[in-house]
Every structure is written in C-alpha cells, then in structure tokens.
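Thanks for passing this one along. Here are my notes, as numbered points, to read next to the model.

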Amino acid sequence: MPSIDELDTPAILLDTARAEANIKKAQAHADSHGLKLRPHIKTHKLPYWAKKQVAAGAVGITCQKIGEAEVMADAGLADIFLPYNILGRAKLERLKALHGRVTLSVTADSHETLDGLAATFTDAGHPLPVLVECDTGMGRCGVQSPAEALALAKVIDQAKGLRFDGLMTYPAAGRAAEAEAWLRSARDALAAAGLECQRISSGGTPDMWRSGEDSVVTEYRPGTYIYLDRYQVAKGVGTLDDCALTVLATVVSHPTPTRAILDSGSKALSSDTLGLPDFGELLGVPGARVTGLSEEHGNVTLSDGAKLRIGERVRVIPDHCCVVTNLFDQVHLIDGDKVLETLPVAARGRMG
C-alpha cells in the first residue's frame, strides 16, 4: 500500500475507520429513536459511501441535483429523494427517466413547480411521490404557513400522476423546536382535511442528535455527519478526533516566526467558514490556525509555541467539509498513513 507521503498536495484524505464509525453512530441513534435515516450525499458525492450508508440501515439517499441522482442510480442506489424544485422541460424529462429506474421522490413549494410535474408525470399507475417543502425558519425555499402547505397538498392529491407523500423541511440550526411546532400544526391541518401525511422529512446534522421519540419527524437527512468538520465540532457534534476528512498540504513559505504559507488556498480549503473566525486548523499542531486564504495560498498563524518548517506536510481540518469535497476530483481513503484506495468524486460537477 502506498503511503500518504507519496501523495502530491493538496489532497483530500479520508480516514475510513472514522467515517464508518460516524455512519454506525448516526444509524444507531436513528434506530433507537424510531427515525428513518436518508443521508444526504452532498457531503461525499461518492457511491462508495452511499452504499455503505444504505448497508448500515439507511432507507435510501438524498441528492440535491438530478445529475447527482443519475450518478447514484448508475451505481445501483435504488431509493433517491430530490428535495429541490425541479423546473424546465429538460430537467423534467431527465426526472421522468430517473423515475422509471429508481424509487424516486421530490419536493415542491409552488403551483408553478407542481404544474410542470403534473404535466410531465401523468401515469396514475406509477405516480411520482411529492412532498411539500416547508420554511420552518431557515428563510430559504418552502411554503410560509401550514395553510399554504395544505393548499399545495390538495393540488398534489388531485394530480393524476402525482402522489402526496408528506412534508419536508430544512430547519434553521438550533431551532428544531420551532420547526417541530410548525410541522405538527401542518400535519394536524392535513389530517383534518382527510390527507394522510406518511412522511415528514427534516435535515441538518447538529439537530439530529436532539431528536426525541415524540418528534413529528419520521425521516432525517443528515449529510456532514459522515466526515464531520470544525463547524460540527463547534456545535457539539463529536470532537476533532471524530473528523474523517483532512486536507493534506505542504508548507511552501515561512515569512515570519508566527506566519507560514500552505499550498492550499480557497481552491482547496474553501472560504466558507459557516461563521467561524478562521478557515481551518492543523491536525496535531496546537496553536496553528489557517487565518487567511487567497486562491492558492493558505496563511497559517502560529501561536502557543507552534512551529513549522518549509517543506513540511500538514493535515488541515476544514470548517466545512462539504464544499471542500466539491473542490477535488479525487479523494484518498486511508488507514493511518497508508492509502487504501483513491476514488473519483463521481457526483462532483454534475448539473441539473
């Protein structure tokens, strides 16, 4: 087996033991709380991990783009949720073809989206399951009230080739209780109108661990949990020792005793900090933080006696692993310092 010392930098390293432990931990939590787990592949974009998540007990996977779903379907993943408004004839035709290959479900939050779905999917014998997307506090997509959710559910229920399948939300972090109340109200309104709400799908790694047995949510769509990152650690989800993804980088300059430069800038570490004060930290080098990025340079500020040398190779734990994955064509699965396998990031750059 090759060593990580033989890899060129920058490169993504994935600690397989940590990732598999994270998969098992989340599945055990979901099972103990009566939740169905439907992991979001946006974090890894790899059929390799999606298959392991399903093998561990997930009911299926979540994709954000049709192109991602096509890659996963090609790899044999059979139950895919696309929680996104699909618009336009080209996308709808691809969605219809996908519906013929796998168990597929989607979301909608407007009459315009439903009009396109209803015109494309007309087979009452093989209807497309559609969930109503609900804005429970995130301020992104979603209907704004339980009454609006009910109104769209009725439209779905009356469309010959569609089937109302429930409610979906992506709640604001730390506001799970608010989302819970919103969804419960919507579910009750649907029941009063004679519409069964079989599935209530929520997401977000941090709040999954706060879910309880009395939750109205039936399904959870965590993504980052498989790798974890500094943001998740800051939110109390694991420790740095649980983080499976690091970026292998080389120190290319050391202009001052307290400042070093890595060959990993915004094109490798991403400038998405999720509100954290810096861009990453060096594994095993206490007091070393990535405090600035240009496209190909990462500025490391050293404190507390931390020292580096030019030519030294270091591993950076990023703030947000999902966007870092999307910056690389391949990743390296590792066990300690040994490279087990190198995989293409198959769903990266897939459009639609």
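1. Thr 107 is buried, at 0% relative accessible area, in what is a predicted model. Its place is in strand 5, which covers residues 103-108. A polar atom of the Thr 107 side chain sits 3.0 Å from the backbone nitrogen of Tyr 84.

2. What does Thr 107 contact, leaving aside neighbours within four places in sequence? The list includes Phe 81, Leu 82, Pro 83, Tyr 84 and Asn 85, and among the others are Thr 113, Val 130, Leu 131, Glu 133 and Met 168.

3. On the sheet: eight strands form an open sheet with parallel pairing, in the order 2-9-8-7-6-5-4-3. Strand 2 (36-37) and strand 3 (61-62) each have a single partner strand, so one side of each is left without a neighbour in the sheet.

4. Strand 8 (residues 199-203) and strand 9 (residues 219-221) run parallel and are joined by three bridges. Within strand 9, Arg 221 is the residue opposite Gly 203.

5. Helix 3 (residues 66-74) lies across strand 3 and strand 4 (79-82). Helix 3 runs at about 175 degrees to strand 4.

6. How many disulfides are there? The count is zero. For Cys 197, the closest cysteine sulfur belongs to Cys 134 and is 8.3 Å away, which is too far for a bond. Cys 321 is in no disulfide either, with the sulfur of Cys 322 as its nearest at 4.4 Å; the cut-off is 2.5 Å. Both cysteines count as buried, Cys 197 at 16% relative accessibility and Cys 321 at 0%.

Notes:
Residues numbered from 1 in each chain as written. Predicted model: local features only at pLDDT ≥ 70, side-chain atom pairs only at ≥ 80, totals over all residues. Heavy atoms only, no water. Buried < 20%, exposed > 50% of the residue type's maximum accessible area, 1.4 Å probe, protein only. Helix = DSSP H or I, 4+ residues; strand = E, 2+ residues; numbered from the N terminus. Polar contact = N/O pair within 3.5 Å; in protein donor to acceptor, adjacent residues only side chain to side chain. Contact = heavy atoms within 4.5 Å. Pairing = 2+ DSSP bridges. Axes fitted to C-alpha atoms, helices over the stretch in contact; angles between N-to-C directions.
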